[in-house]
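Please look over the sequence and the model before reading on.

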Amino acid sequence: MLAVSGFAGGERAMREVVVVDIGGTHARFAIASIGADGTISLDEPETLHTADHASFQTAWEAFRKRKGGTLPAAVSIAVAGPVGSPGKPNPVIRFTNNPWIIRPALIPEKLGAGQYTIVNDFAAVAHAVALADDSQFLHLAGPDVPLGREGTISVLGPGTGLGVAHLYRSGSHYRVQATEGGHIDFAPLDSIEDAILARLRQRHLRVSVERVVAGPGIVDIYQALAALEHRTEPERDAIEIWNLGTSGEDSLAAAAVDRFCLSLGSVAGDLALAQGGFAGVVIAGGLGYRIRDTLLASGFAARFKAKGRFESLMAGIPVKLIIHPQPGLFGAAAAFASEHGEAA
């Protein structure tokens, strides 16, 4: 069981909530327990492939069956896409990178959950960042100090897409804001990135940062580098390139992974400037964790602070990688507690 202290709670009984973190490729489910003291714990999460299920409801039913046929009558769902405002979700919620649809008004009837919360997946991660202790972060760049207790923290993570959110902390209080920052324009910094942009522009009228610094973007980076060297490489999928590149087995794939890290550093710095994330920047997501050693050895840190007249400002921002094993699920539980008054 995963347990993390969260809110300072009042005299309330333990509350169980189904928490779900739905991305483009995977849907993760767990049962969260929210204690009277505000401690949030998760049972062993289960991961389902979104492509294996026709809808969220059929995936829910598969999870319910695995749990013996009954689930708590409360759910918090972290969604990879726009969801509306807290407590007022959009009537129809569509995912950015998978074909599922959720109609919140039908949740009590279809899922048997009388109380529910729907939160953007990276807003959920920002909730997790706000509550996780310092031991849950790996230092990546900038001063090796904890994230600030006052001010804005930018949160981003490459996966099937690029999730972006931020949180504002003031003492023991915080507020989370979901964004669609993964869809800002990609800005090349050198001739290699010019070539990557040119390749992507052949297929997309507008090239967002998500086309480059999300997991699938490694394919276009790899093919752009091959074209620069006038090499004809076999068609490889993203997983193969990531494996070849992080292992060092293939030098071109390794160069593509390093270029990905450079671009991620640039984007993280741009988002910190745009959001005022001067209390810290956090990289999240499974891909970031898998390439953590590569990130540390790459030019990520140099690119993060390479902002011309603001280089000294950027050099003073702590950049971390959250290593909590399930920040989306933990954050979904924290968002439910916040919305439904489970926390003092």
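## Confidence of the model

The structure is a predicted model. Across the protein chain the mean pLDDT is 92, and 95% of the residues reach 70 or more.

One stretch calls for caution. Over residues 3–11 the pLDDT stays under 50, and the model has 30 contacts beyond four places in sequence for this stretch. Where pLDDT is low, the predicted coordinates should not be read in detail.

In soluble globular proteins, nonpolar side chains tend to be buried together. In this model the largest nonpolar core has 45 residues, of which Leu156, Phe260 and Phe300 touch the most other members. Helix H7 supplies the largest share of this core, with eleven residues.

The surroundings of Leu156 can be listed in detail. Apart from neighbours within four places in sequence, Leu156 is in contact with residues including Phe122, Leu162, Gly163 and Val164. Further along the chain, its contacts include Leu264, Val267, Ala268 and Leu271, and also Val281, Val282, Ile283 and Ala284.

## Packing of helices H3 and H12

Two packed helices are described by the angle between their axes and the distance between the axes. For helix H3 (residues 121–131) and helix H12 (residues 327–339), the axes come within 7 Å and cross at roughly 85°. Angles of 65 to 115 degrees count as roughly perpendicular, and H3 and H12 are therefore roughly perpendicular to each other.

The residues that meet at this crossing can be named on both sides. From H3 they are Ala124, Val125, His127, Ala128 and Leu131. On the side of H12 they are Pro327, Gly328, Phe330, Gly331, Ala332, Ala334, Ala335 and Ser338.

## Salt bridges

The model contains 16 salt bridges. In one of them the side chains of Glu46 and Arg66 meet, with an N to O distance of 2.9 Å. Glu46 belongs to strand S5 (residues 46–49) and Arg66 to helix H1 (residues 56–66), so this pair ties together parts that are 20 residues apart in sequence.

A further salt bridge joins Arg259 and Glu193, at 3.3 Å from N to O. This pair links distant parts of the chain, 66 residues apart: Arg259 is in helix H7 (residues 251–275) and Glu193 in helix H4 (residues 191–201). Arg259 is buried, with a relative accessible area of 9%, and Glu193 also counts as buried, at 1% relative accessibility.

Lys110 is partly exposed, with a relative accessible area of 37%, whereas Glu109 is exposed, at 59%.

## Gly112 in a loop

Gly112 is located in the loop that runs between helix H2 (107–111) and strand S11 (115–120). This glycine is partly exposed, with a relative accessible area of 46%.

Which residues is Gly112 in contact with, leaving aside its neighbours within four places in sequence? They are Ala73 and Ile107. The C-alpha atoms of Gly112 and Thr70 are separated by 9.7 Å, although the two residues are 42 residues apart along the chain.

Technical notes. Residues numbered from 1 in each chain as written. Predicted model: local features only at pLDDT ≥ 70, side-chain atom pairs only at ≥ 80, totals over all residues. Heavy atoms only, no water. Salt bridge = Lys/Arg side-chain N within 4 Å of Asp/Glu carboxyl O. Helix = DSSP H or I, 4+ residues; strand = E, 2+ residues; numbered from the N terminus. Buried < 20%, exposed > 50% of the residue type's maximum accessible area, 1.4 Å probe, protein only. pLDDT = per-residue confidence, 0-100. Contact = heavy atoms within 4.5 Å. Core = buried A, V, L, I, M, F, W, Y, C linked by side-chain atoms within 4.5 Å. Axes fitted to C-alpha atoms, helices over the stretch in contact; angles between N-to-C directions. Parallel < 35°, antiparallel > 145°, perpendicular 65-115°, else oblique.
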